[in-house]
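User: Please take a close look at one part of this structure. I am new to it and would like a connected account of how that part is built and packed.

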Amino acid sequence: MIIRFLLSCVLALLLSAAPAFAVNPDEILGNPQLEQRARDISANLRCLVCQNQSIDDSDAELARDLRVIVRERLVSGDTDAQVMDYVVDRYGEFVLLRPAFSARNILLWGTPIFVLILGAIAAFAYSRRYSSSASGPVSLTHEEEERLNKLLGDEDDK
């Protein structure tokens with residue numbers, strides 16, 4: 001009895017972890033090849049509302065509108081690349097879940113690394129300067145020692 005209950009709980013957890021697609025039945029195309037192309041394109045486009053979901057997984061209205069646009073473009077005869085270019089031209093490169101590698105993106109991805117390297121260099125230079133200035137006790141000159149002895153000798157007399 002307990003084993004059946006545990007097995008049913010495990011099965012329910014496994015089934016609930018399956019991906020839930022937000023594509024509505026009225027959006028699905030009659031042609032299975034076009035529908036598969038639409039799904040492939042939708043899986044690579046970011047929902048502008050949810051931001052870390054593809055439009056294929058999102059329930060947002062804007063994601064639905066983008067899915068409809070993708071399907072309309074495919075039905076009108078556009079290639080996958082033309083559909084992606086159309087969406088990127090309209091919404092910007094942010095709509096891509098995996099942006100293309102370009103000179104503009106190098107700055108975006110490279111800046112944190114550059115700042116980290118610059119900070120490491122600054123920390124190293126600061127630590128070298130600080131350690132060289134505080135490397136040990138500094139000896140007093142002969143005049144300073146005489147003056148110190150005189151001051152300490154005066155206190156002993158009091």
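**Helix 4 and its neighbours**

The axes of helix 3 and helix 4 (lines fitted to C-alpha atoms over the stretch in contact) come within 9 Å and cross at roughly 140°. Helix 3 contributes Leu-62, Leu-66, Ile-69, Val-70, Arg-73 and Leu-74 to the contact (heavy atoms within 4.5 Å), while helix 4 contributes Asp-80, Val-83, Tyr-86, Val-87, Arg-90 and Tyr-91.

This is a predicted model, in which local features need pLDDT of at least 70, side-chain atom pairs count only at pLDDT 80 or more, and totals for chains, interfaces and linings use all residues. Residues are numbered from 1 along each chain as its sequence is written, and side-chain values use heavy atoms, without hydrogens and water.

Helix 4 (a DSSP run of H or I, at least four residues) comprises the 12 residues 80–91; at 1.5 Å a residue it should span 16 Å, and its end C-alpha atoms, 17 Å apart, agree with this. Buried (under 20% relative accessible area, 1.4 Å probe, protein chains only) within helix 4 are Val-83, Met-84 and Val-87. They cover an arc of only 95° around the axis, judged by the directions to the C-beta atoms, and so lie on the same side of helix 4. These buried residues pack against helix 2 (32–43) and helix 3 (61–75).

Val-83 has 0% relative accessibility and therefore counts as buried. Leaving aside residues up to four places away in sequence, Val-83 touches Ile-41, Val-70, Arg-73, Leu-74 and Asp-78. Arg-73 is 10 residues from Val-83 along the chain, and their C-alpha atoms are separated by 6.2 Å. After helix 4 comes Gly-92, with a positive phi near 90°.

Methods. Helices (H or I, at least four residues) and strands (E, at least two) are DSSP runs, numbered from the N terminus. The expected span of a helix is 1.5 Å times one less than its number of residues. Buried means under 20% relative accessible area, exposed over 50%, partly exposed in between (1.4 Å probe, protein chains only). Axes are lines fitted to C-alpha atoms, for helices over the stretch in contact, and angles run from 0 to 180 degrees between N-to-C directions.
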